[in-house]
Amino acid sequence: MNEARALPCLETLSDHDREEEPTGAPFFLPGEPSRLYNRPKPRLKLEIRNVAKTFASAKGLIRALNNINLAVQEGEFACILGPSGCGKSTLLHLIAGLELPDHGEIRLYSSQAKKDSNAERLIIFQEAALFPWLTVLENVLFGLRLQKLGAKESKERAMRFLALVKLENFANCFIHELSGGMKQRVALARALVLDPELLLMDEPFAALDFQTREKLQRELEEIWRRTKKTIIFVTHNVEEAITLGDRVILFSGQPGTVKQEYALPPSRPRQKESPFFTELAAEIKRDFQVQDPGRELVEQVTG
Amino acid sequence: MRFFWGKTVFYLLLLLGWFLLAHSGFWPEYMLPPPEKVFQTLGAGVRSGRYLLAVFISIRRLLLGYLISLAIGIPLGMVTGKYRWLDETVGSLLLGLQTLPSICWLPLSLLWFGLSEQAILFVVVMGAVLSITVATNSGVKNVAPLYIRAGKNMGAKGAVLFLRIILPAALPSIVIGLKQGWSFAWRSLMAGELLFINLGLGYLLMMGRELNNMAQVIAVMFVVVMLGLFFDRLLFSRLEKAVRRRWGFDHP
């Protein structure tokens with residue numbers, strides 16, 4: 001479905017293109033400034049083949065995921081949409097390597113020759129999972145300190161990524177002093193600073209109020225555009241998926257399966273009032289109703 | 001300082017009541033000496049250096065015993081918290097022993113170590129070490145899985161995961177254990193010094209009884225209370241508060 005069209009973020013940019021980049025300063029990843037502009041043609045980043053996962057519970061075995069097949073291109077923003085309990089978070093944990101699949105395989109195609117850390121598939125949780133005993137800056141430094149990097153270099157890098165999420169003035173704050181939205185921004189900086197191959201986001205904005213969520217969606221879109229990260233974003237909110245995704249992958253639950261995929265046009269930012277947006281939202285909602293009438297996702301859309 | 005005046009008035013009234021009761025002649029002086037006599041004894045004791053020496057000896061025993069308890073209790077709590085099989089075996093034994101009042105270790109201690117410093121240290125350690133172990137154990141076991149997942153995801157594992165995530169995450173609980181351990185050590189020491197007379201504050205207290213000197217008994221009790229308050233308020237309550245604030249527990 002999505003192979004046919006060229007994703008905007010994967011186009012090879014020449015120096016000439018850089019001149020015309022409308023959005024200001026290009027974002028360099030420290031240590032490898034050439035990565036941004038000598039990008040090869042679209043290529044596979046993540047491949048999920050026949051993955052299945054079963055959990056043991058009090059009621060017996062629960063099949064959380066059934067025969068998942070999914071491919072994500074480098075630089076793609078893929079949104080996995082589905083109701084609570086459909087196994088989408090489980091899939092994210094499998095991709096992150098926090099759990100192992102019972103069946104099938106997950107392949108990550110790394111773009112870097114050397115990778116001395118394990119931090120190549122970083123997950124951002126619904127609750128920010130920041131460490132309260134560390135300051136904002138120390139949280140961002142956490143992963144860097146596990147790698148062999150000089151203290152000064154680490155700090156500079158951490159500060160640069162705090163600036164990316166507009167929190168450079170809060171570097172010395174404690175976590176409990178931040179709002180929910182700020183916490184998620186710190187979590188984003190803490191992940192991005194490690195330059196992961198894959199950024200996995202598990203309903204990161206679900207606990208935030210409406211305005212904060214919209215603001216963070218815009219910021220995330222901008223950060224994604226500048227860093228060219230491959231993002232897999234899990235949500236139960238149809239509008240959020242359409243706002244952010246290059247592709248929306250609709251899941252249905254029990255057991256979790258991929259029901260439908262929707263390729264979205266490259267134009268951004270997406271306007272919620274546009275006919276395209278509302279029609280697609282209605283279509284997704286309809287598709288979902290056909291498969292699973294009366295589920296939580298539908299309520300989310302109408303309510 | 002809320003209720004500052006209320007507190008002041010309360011304690012002044014208490015002193016006045018004591019004063020009147022003592023001078024009413026209802027009880028003989030060796031049962032209830034007047035407050036001024038107690039303070040006089042206290043002053044004389046402090047001036048002569050006897051009280052300071054006793055305080056010094058008791059605090060030294062306390063510190064030594066407490067440090068030994070920390071050195072044993074924290075690692076023991078960590079390993080029993082981390083390894084399930086150790087928790088089920090050693091951990092269950094420690095939990096059972098915790099119900100034993102530490103002074104019950106004195107006869108055993110005397111038989112093992114004789115009438116020595118080691119005997120009293122042993123009782124102090126047995127008083128403090130178990131609550132430190134149990135608190136560290138439960139702190140380690142109750143670390144939010146989310147922190148561990150986040151840490152592993154960023155590449156932390158093994159000792160790094162333990163020292164940089166599990167231990168700091170467990171610290172609020174460990175601090176409660178430290179505070180409780182300190183107060184148990186203090187109680188065990190006083191009980192030990194009373195029964196096993198060898199200098200220290202407990203010895204002074206017992207001397208007061210031997211000499212029928214109630215003023216000295218009350219004066220030494222006063223010193224013991226003041227020392228307890230001093231460590232609790234100035235050290236452990238502050239430590240606990242600082243940790244709770246930093247960990248965000250005191251913020252809704």
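Modeller: One term before we start: pLDDT is the predictor's confidence in each residue, on a scale from 0 to 100. You'll want it here, as this is a predicted model.

Colleague: Okay, what's the mean pLDDT of chain B?
Modeller: The mean for chain B is 89, and 98% of its residues reach 70 or more.

Colleague: And where in chain B is confidence lowest, and where is it highest?
Modeller: The lowest is helix α9 (residues 200-210) of chain B, with a mean of 88. The highest is helix α3 (residues 50-82) of chain B, at 93.

Colleague: Which ipTM and pTM does the model score?
Modeller: ipTM is 0.76 and pTM is 0.77.

Colleague: Let's switch to chain A. What's the strand order in that open sheet?
Modeller: The sheet has 6 strands in chain A, ordered β5-β6-β7-β3-β8-β9, and the pairing is mixed. At the edges sit β5 (121-124) and β9 (257-263) of chain A, each of which pairs on one side only. From one strand to the next, the twist averages 20°.

Colleague: How many bridges join β5(A) to β6, and do they run parallel or antiparallel?
Modeller: There are 4 bridges between β5(A) and strand β6 (residues 198-202) of chain A, and the two run parallel.

Colleague: Which residue in β6(A) stands opposite A:I123?
Modeller: That's A:L200.

Colleague: What about domains in chain A, what does the assignment give?
Modeller: Domain 1 covers 42-111 + 197-303, and domain 2 covers 132-195. Their C-alpha centres lie 26 Å apart. The contact between them takes 10 residues from domain 1 of chain A and 6 residues from domain 2 of chain A.

Colleague: Which element gives the largest share of the domain 1 side?
Modeller: Helix α6 (residues 210-227) of chain A, with 5 residues. The residues on that side of domain 1 of chain A, where it touches domain 2, divide into 7 nonpolar, 2 polar and 1 charged.

Colleague: How far apart are B:P107 and B:R209?
Modeller: In sequence, B:P107 and B:R209 are 102 residues apart; in space they are 23 Å apart, C-alpha to C-alpha.

Colleague: Great, thanks for the tour!

How values were computed. Residues are numbered from 1 along each chain as its sequence is written. Chains are lettered from A and ligands numbered from 1 in the order in which they are written. This is a predicted model: local features need pLDDT of at least 70, side-chain atom pairs count only at pLDDT 80 or more; totals for chains, interfaces and linings use all residues. Two strands pair if DSSP finds at least two bridges between them. Axes are lines fitted to C-alpha atoms, for helices over the stretch in contact, and angles run from 0 to 180 degrees between N-to-C directions. Domain bounds come from an automatic or database domain assignment. Two residues are in contact if their C-beta atoms, placed from the backbone, lie within 7 Å. Ala, Val, Leu, Ile, Met, Phe, Trp, Tyr, Cys and Pro count as nonpolar, Asp, Glu, Lys and Arg as charged, and the others, Gly among them, as polar.
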